[in-house]
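Student: I have a model open and would like to talk through a few parts of it. Could you take my questions as they come?

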Amino acid sequence: MTRSPHTRTTWIPRSTETAVHALLRALVEPGFFADGAVQTAAVLGGVVAVVAGLIGVFTVIRSQAFAGHALSDIGSAGGSSAYLIGLAPLWGFVGISVLAAAAMERIGVQRARGRDVATGIVLGVGFALASLFLYLGMTYHNGSGEIPTILFGSVFTLSSSDLPLVIGLGAVALLVALTLYRPLLLASVSPELAAARGVRVRLVGAAYLLALAITVALCDLTIGAILSTALLVGPAAAALRLTSRPHRAALLAAGISLACTWLGLLLAWDSFYWPPLRHGWPVSFFIVTLVLIVYLAAGALARGRHLRG
Amino acid sequence: MSDQPPTMLTQPQAATAARAGGGEKVLELAGVTVELGGRRILDDVAFSLRAGELTGLIGSNGAGKTTLLRVILGLLAPTAGSVTVNGPDARHSVGYVPQKFMLDPDLPVRARDLVALGIDGHRLGVPRPSRERRERVNRMLDAVGAGRFADARIGRLSGGEQQRVLIAHALINQPRLLLLDEPLANLDLRSAREVVDLLARIAREQRIAVMISAHEMNALLPVMDRVVYLADGRAACGRAEDVVRADVLSRLYGHRVEVIHVAGRVLVVAGEGDDAEPSHPHHLDPEEH
Ligand SMILES: Nc1ncnc2c1ncn2[C@@H]1O[C@H](COP(=O)(O)OP(=O)(O)OP(=O)(O)O)[C@@H](O)[C@H]1O
Ligand SMILES: [Mg+2]
């Protein structure tokens, strides 16, 4: 690990350097920006955060948070099965999420009630599989180090070779959401209104579910299958408390998500020097806690605005 | 489709021409029959709608009004019969305001966003904001009297306000046919009156065929050119003055009603006693008289 604080000067304007420098030195333990693992984590985590924020807004608008959560829990089955057969977890996360999304669509995710039922059924099956694969994985590989990684993520252990796939998958999810932006929004207001305009509501819903499945798989990778809903839904819900325009909400959610992820990385890096010394706290804990704080703050802000008129 | 801004409510077009029934046929239904779950909901329904005319679709709860509108929209295929929307690009020349639906108060969609979705909500991609587009939306909102709450989230508007926004959403693409399902259901008398007047003006000035469903026709009587009555799955249709008559309506409602003309308006009131003939409304056939 290189621990040269001077690498920071590349992005700090000269005139303000000393003040900011001093502040950063107090805030950031040495070496944060120079460390290779941190750089990879910042880029990967950043890409995933932006995708999660943008896609998450529609998840909240469409009341599909439960479906998103189910997809991520099922993702743990995918991650553990990939681990069992020696594949990268991301393949497992993506494969199983997309399959589960297809199953949910078939069972009837388009109607609010059918949606909960379909989600619940798929969720149960997913957990059963996950427990089996994790058990088998532990037995065959004779170790349990991977299990917390699959369940709670570990963005610092990702390698830069994951980057092309993560960016590619993120791009697919964003492309679907951007392409369907208007029909999706209209169908979220009223499926009847959209159908009357010739929108194929079911097809649009299915395509969105695919984008959701991919996004959830990416979140599984960075912050873990158990916590990924928080990154998907939290920033979006906070943004929706603050603005009444759909595209602003999407951009704001992406920003919140990115800020929480990067600040979370920083705190996790700092926590290396907290007790228990030289172990570091899990980064997912920081990210999710920050998301929660932003969500609560957004609520207070919105209420304050409301009271003031 | 024309990209011209709507010339809503500004054209001094002769309402009398519409009254005279001179408009071309916009919609034609022939022998439309619908069966759902083994039940015949609509039975051999036939009528046509003309440009510039306002038609009331009247029937009690469960009579099949929504079903009929869904058939016209192409959302439901009839078991038999045909629906013809005349003119090019039939699908996008029909505007629709669905029966009251629940809107999430937290939905991040302002009134003006929903109206803008009326322009191109079915298209792929993200909308490109432009001054012209914004002005077109503003004009539309003003035309339906929704300018005041243009920036409010639609889920937080009152029923009457939502109704106006939905009408703007349906109208902004200048459809030739506008279908509204129970638009007056949650409105107080004054708002209902305002919405009806607005729709009548739209029909005359824009030369649009407007069809409004209602289970209670009083609010529509002053402006309705034609009536389509639904009862027992069958439809009776005709000019308002031919159908809104004591004998016809008594049979239709299954109890005695009186039709009273006061101060240039027609009032339909429940009649004295219950000496009505059949308890089931009948098809309006000339030979039945
Ligand atoms: N999908 C369906 N399957 C079976 N029956 C249906 C279906 N949809 C509607 N119906 C039946 O068709 C009849 C007409 O329904 P519709 O909604 O058209 O009535 P309506 O005139 O719009 O009533 P309201 O004034 O209450 O809105 C009702 O008896 C209803 O139960
Ligand atoms: Mg109805």
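Tutor: What follows is a conversation about this model, which is a predicted one.

Student: Let's start with the ligand: which residues come nearest to ligand 1?

Tutor: Of the 13 residues around ligand 1, those that come nearest are B:Gly62, B:Lys65, B:Thr66, B:Thr67 and B:Gln99.

Student: And what does B:Lys65 do there, in terms of distance to an oxygen atom of ligand 1?

Tutor: A polar side-chain atom of B:Lys65 is 2.7 Å from an oxygen atom of the ligand, and B:Gln99 likewise places a polar side-chain atom 2.8 Å from an oxygen atom of ligand 1.

Student: Changing topic, where is B:Glu53?

Tutor: B:Glu53 sits in the loop of chain B that runs between strand 2 (39-50) and strand 3 (54-58).

Student: Is that residue, B:Glu53, buried or exposed, and why?

Tutor: B:Glu53 counts as buried because its relative accessibility is 2%, and the cut-off for buried is under 20%.

Student: Which side chain does B:Glu53 have a polar contact with?

Tutor: The side chain of B:Glu53 is joined to that of B:Arg226 by a polar contact of 3.5 Å.

Student: Now the interface, please: how many residues of chain B are in contact with chain A, and what area is buried?

Tutor: On the chain B side 32 residues are in contact with 24 residues of chain A, and the area buried between the two chains is about 2,500 Å², with carbon and sulfur atoms giving 61% of that area. Within chain B, the residues that lose the most area to chain A are B:Pro108, B:Arg110 and B:Leu117, which together make up 21% of what that side buries.

Student: How many salt bridges does the rule find across it?

Tutor: The rule finds two salt bridges across the interface of chain B and chain A; one of them pairs A:Arg182 with B:Asp120, where the closest N and O atoms are 2.7 Å apart. As for polar contacts, the count between the two chains is 10 residue pairs.

Student: Which elements of chain B give two or more residues to that side?

Tutor: They are helix 2 (65-73), helix 3 (111-120) and helix 5 (159-171) of chain B, and helix 3 provides the largest share, six residues. By residue type, the side of chain B that touches chain A divides into 17 nonpolar, seven polar and eight charged residues.

Methods: Residues are numbered from 1 along each chain as its sequence is written. Chains are lettered from A and ligands numbered from 1 in the order in which they are written. This is a predicted model: local features need pLDDT of at least 70, side-chain atom pairs count only at pLDDT 80 or more; totals for chains, interfaces and linings use all residues. Side-chain values use heavy atoms; hydrogens and water are left out. Helices (H or I, at least four residues) and strands (E, at least two) are DSSP runs, numbered from the N terminus. Buried means under 20% relative accessible area, exposed over 50%, partly exposed in between (1.4 Å probe, protein chains only). A polar contact is a pair of N or O atoms within 3.5 Å; within protein, one must be able to donate a hydrogen and the other to accept it, and residues adjacent in sequence count only if both atoms are side-chain atoms. Contact means heavy atoms within 4.5 Å. Buried area is the accessible area (1.4 Å probe) that two parts lose on being put together, summed over both. A salt bridge is a side-chain nitrogen of Lys or Arg within 4 Å of a carboxyl oxygen of Asp or Glu. Ala, Val, Leu, Ile, Met, Phe, Trp, Tyr, Cys and Pro count as nonpolar, Asp, Glu, Lys and Arg as charged, and the others, Gly among them, as polar. A residue is near a molecule or strand if one of its heavy atoms lies within 4 Å of it.
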